[in-house]
Amino acid sequence: MRDKELYRKILGIEEPWTVKDVELDREKGEVRVELAHRAGEGLRCPECGTLSPGYDARARRWRHLDTCQFRTILMAQVPRVSCPEHGVRQVSVPWGEPGSRFTALFEALVIDWLKEASLSAVARQLGLGWTETSGIMSRAVRRGLSRREPKLPTHTGVDEVSFQRRRRLEGTNNKVRLLSSNAMLESSQVRPLPLLIAHTR
Ligand SMILES: [Zn+2]
């Protein structure tokens, strides 16, 4: 199997992207994989997904998982489109997030290591800067938050203990406090609300 076909398969590169070249730089200890987008094929605005005319292309690099002992770099001229609504935007690439200099798989590796070791230890072992590592962590947090569905309060609880102490609770009257946390469900203090209101009158 030729180098380009090997890397196309292990990187999961699909149309309209293809592997244009693979270069081994022994001095730098790097494998550089050049990816290319087939001209004029299905360029979409990253904001709205509208098929848009090509504008130009910008050179970009991403660090990927190492190939054996060699640091592996993906390189590509990434097209920019001219969206009628959003203006000139760089198209999304399937192997990484917009603005990141690392592939998604490399970022996943970093996140796995951050579960096991400190940020400074992970940065040192993977040859990353503090800012790069914390940037990877921030993107992971942002992805997690974007997947989380907004939760409306699903339960109402009454703080019996505070009521008995006759303390005023900020933003409420001194009898009832509304809780938006599901933690009340796990509390032994949870009682049916009508019963509690009747009890406190
Ligand atoms: Zn658009």
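This is a predicted model: local features need pLDDT of at least 70, side-chain atom pairs count only at pLDDT 80 or more; totals for chains, interfaces and linings use all residues.
H2 passes H3 in a right-handed crossing. The two helices pack at an angle of about 135 degrees, with their axes 9 Å apart, and are therefore oblique to each other.

**Contact of H2 with H3**
- On the H2 side, the contact is made by Val110, Trp113 and Leu114.
- On the H3 side, the partners are Leu119, Val122 and Leu126.
- By residue class, the contact of H2 with H3 holds six nonpolar residues, with no polar and no charged ones.

**Contact of H3 with H4**
- Helix H3 spans residues 119-126 and helix H4 spans residues 130-147.
- Their axes come within 9 Å and cross at roughly 115 degrees.
- H3 and H4 are therefore roughly perpendicular to each other, since angles of 65 to 115 degrees count as such.
- The crossing of H3 past H4 is right-handed.
- H3 contributes Leu119, Ser120, Val122 and Ala123, which meet Trp130, Thr133 and Ser134 of H4.
- This contact of H3 with H4 is made up of four nonpolar and three polar residues, with no charged ones.
- Leu119 and Val122 of H3 take part in the contact with H2 and also in the contact with H4.

**Buried side of H2**
- Which residues of helix H2 (residues 104-114) are buried? They are Phe106, Glu107 and Val110.
- These residues cover an arc of only 100 degrees around the axis, which puts them on the same side of H2.
- An α-helix has 3.6 residues a turn, so residues three or four places apart point the same way.
- The cover over the buried residues of H2 includes strand E3 (54-67), H3 and H4.
- Val110 is one of the buried residues of H2 and is also part of the contact with H3.

**Overall make-up**
- The chain contains six helices and five strands.
- Along the sequence, their order is α-β-β-β-β-β-α-α-α-α-α.
- Of the 201 residues in the chain, 18% are buried.
- Among contacts with a separation of 6 or more, 48% join residues 24 or more positions apart.

**Backbone features in loops**
- Most residues other than glycine have a negative phi, and most peptide bonds are trans.
- Glu15 and Pro16 are joined by a cis peptide bond, with omega about 5 degrees.
- Pro16 sits in the loop between helix H1 (3-11) and strand E1 (17-25).
- Cys68 is not a glycine, yet has a positive phi of about 50 degrees.
- Cys68 lies in the loop between E3 and strand E4 (70-83).
- Is Cys68 buried or exposed? Cys68 is exposed, because 6 other C-beta atoms lie within 10 Å and a residue with 12 or fewer counts as exposed.

**Glu5 and Thr18**
- Glu5 belongs to helix H1.
- With 11 other C-beta atoms within 10 Å, Glu5 is exposed.
- The C-alpha atoms of Glu5 and Thr18 are separated by 9.2 Å, and the two residues are 13 residues apart along the chain.

Terms used. Residues are numbered from 1 along each chain as its sequence is written. Axes are lines fitted to C-alpha atoms, for helices over the stretch in contact, and angles run from 0 to 180 degrees between N-to-C directions. Helices (H or I, at least four residues) and strands (E, at least two) are DSSP runs, numbered from the N terminus. Angles under 35 degrees count as roughly parallel, over 145 as roughly antiparallel, 65 to 115 as roughly perpendicular and the rest as oblique. A crossing is left-handed if the near helix is turned anticlockwise from the far one by less than a right angle, and right-handed if clockwise. Two residues are in contact if their C-beta atoms, placed from the backbone, lie within 7 Å. Ala, Val, Leu, Ile, Met, Phe, Trp, Tyr, Cys and Pro count as nonpolar, Asp, Glu, Lys and Arg as charged, and the others, Gly among them, as polar. A residue is buried if 20 or more other C-beta atoms lie within 10 Å of its own, exposed if 12 or fewer, and partly exposed in between; C-beta atoms are placed from the backbone. The arc is that of the directions from the helix axis to the C-beta atoms.
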